[in-house]
Amino acid sequence: MRILIVGAGSTGGYFGARLVQAGRDVTFLVRPARAAALRANGLRVLSPLGDFGVAPRVVEAAALEGAFDIVLVAVKAFGLAAAIEDFAPAVGPGTMILPVLNGMKHIDDLRARFGPERVLGGVCRVSTTLDAQGRIVHLAPLHELVYGELDGQRTARIEALHAFMSDAGFDARLSTRIAQDLWDKWILLATLGGICALARGNVGEIAASDGGADFVRAFLAEAAAVAGAAGFAPRPQVVDHTLGVLTAAGSALTSSMYRDLMAGERVEADQILGDLRARALRAGVAVPLVSAACVQLDVHQHRLHPRPAPFALDAPACIRGEQALDSRPSAAPPPAPT
């Protein structure tokens, strides 16, 4: 099987490098500057499991030809629209599109463009970043890739994908409940991003504040209520585990969205919080804390990119960007798994 990795940033680059190391047929679709750097220096991974490097096969959008068996989409949410245009020539009748973005809006967008039969569900759990030299820094041993048919079936193609991903240097898991997995992760990330943005602190600082734990519980309850209204209520043990992570004493955990916010960069607010609020409004679920976080982040986005249109209550929170394929370096550990 042939796989096209859309983006060689910290997430796509990490899993793609592992697949190359395992001898799989891998091509990276990247921007010209990233392509030049990868051709000159290779793709380097610094990991607690052992550093390694590979010589990746790279292609730019203008030179992309022929269909691939798998297209792994690993871009920032605000870069998805542009990325879709870039990788569209690689999608044929039998292509499986495996996105590893957060939330659910990207699933809707990909299905609308390519048809529901071509889109799988994917969840990755890995803590990575790019350093100033463009190397991928793997910050913790966790490196899991979960995938499945969105209707839960064990089809011949998903079994073939599982065989391709297995024994490739990371934890690969075939799920028959990938839609629930996506919602469970979304609840975690939305709550983490929202509480950090509103409280302007990490998990430990919020937990230590007066009323901090109750604030986290209330935010989590809003996110879980939206999931429940969509038919994907989290199991009690998932809620308990998530609450434990987000109220851990002394934890330095923050969300990547919060770190981007504090660094003055564009944030993935539309995908993580804006779409959650839009779904809540359509379902008649009250989400005052989610809405407050959306306003907070929209003000930030508006400062970066002023626009005449006011914030719309029935739309995702923040403006969309043009960046598609490559991730930016990020510091401020420890990040949440993405």
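# Exercises on helix packing and burial

In this predicted model, helix H11 (residues 269-283) packs with helix H12 (residues 288-304) at an angle of about 140°, their axes lying 9 Å apart.

**Exercise 1.** Classify the angle between H11 and H12, then state which residues meet and how they divide by class.

*Solution.* Step 1: angles over 145 degrees count as roughly antiparallel and 65 to 115 as roughly perpendicular, with the rest oblique. The angle here is about 140°, so H11 is oblique to H12.
Step 2: the crossing of these two helices, H11 and H12, is left-handed.
Step 3: H11 contributes Ala-269, Leu-273, Gly-274, Leu-276 and Arg-277, which meet Val-290, Ser-291, Ala-293, Cys-294 and Leu-297 of H12. Sorted by class, this contact of H11 with H12 has 7 nonpolar, 2 polar and 1 charged residues.

**Exercise 2.** Describe how H6 and H12 cross, and list the residues in their contact.

*Solution.* Step 1: the axes of H6 and H12 cross at roughly 60° and come within 9 Å.
Step 2: the crossing of H6 with H12 is left-handed.
Step 3: from H6, Gly-194, Ala-197 and Leu-198 meet Leu-289, Ala-292, Ala-293, Gln-296 and Leu-297 of H12. By class, the contact of H6 with H12 has 6 nonpolar, 2 polar and no charged residues.

**Exercise 3.** Decide whether Val-123 is buried or exposed, and find its contacts away from its neighbours in sequence.

*Solution.* Step 1: Val-123 belongs to strand S8 (residues 121-130).
Step 2: buried means under 20% relative accessible area. Val-123 has a relative accessible area of 2%, so Val-123 is buried.
Step 3: neighbours within four places in sequence are set aside; Val-123 is then in contact with Glu-144, Leu-145, Val-146, Ile-178, Asp-181, Leu-182 and Lys-185.
Step 4: Gln-296 is 173 residues from Val-123 along the chain, and their C-alpha atoms are separated by 27 Å.

**Exercise 4.** Which residues of H4 are buried, and against which elements do they pack?

*Solution.* Step 1: in helix H4 (residues 105-114), the buried residues are Lys-105, His-106, Ile-107, Leu-110 and Phe-114.
Step 2: the buried residues of H4 pack against helix H3 (80-87), strand S7 (96-99), helix H6 (178-199) and H11.
Step 3: after H4 comes Gly-115, with a positive phi near 95°.

**Exercise 5.** State the confidence of the model, and where the pLDDT is below 50.

*Solution.* Step 1: the average pLDDT of the protein chain is 90, and 91% of the residues score at least 70.
Step 2: the pLDDT is below 50 over residues 310-333, a stretch that has 72 contacts in the model beyond near neighbours in sequence.

Notes
Residues are numbered from 1 along each chain as its sequence is written. This is a predicted model: local features need pLDDT of at least 70, side-chain atom pairs count only at pLDDT 80 or more; totals for chains, interfaces and linings use all residues. Side-chain values use heavy atoms; hydrogens and water are left out. pLDDT is the predictor's confidence in each residue, from 0 to 100. Contact means heavy atoms within 4.5 Å. Axes are lines fitted to C-alpha atoms, for helices over the stretch in contact, and angles run from 0 to 180 degrees between N-to-C directions. Helices (H or I, at least four residues) and strands (E, at least two) are DSSP runs, numbered from the N terminus. Angles under 35 degrees count as roughly parallel, over 145 as roughly antiparallel, 65 to 115 as roughly perpendicular and the rest as oblique. A crossing is left-handed if the near helix is turned anticlockwise from the far one by less than a right angle, and right-handed if clockwise. Ala, Val, Leu, Ile, Met, Phe, Trp, Tyr, Cys and Pro count as nonpolar, Asp, Glu, Lys and Arg as charged, and the others, Gly among them, as polar. Buried means under 20% relative accessible area, exposed over 50%, partly exposed in between (1.4 Å probe, protein chains only).
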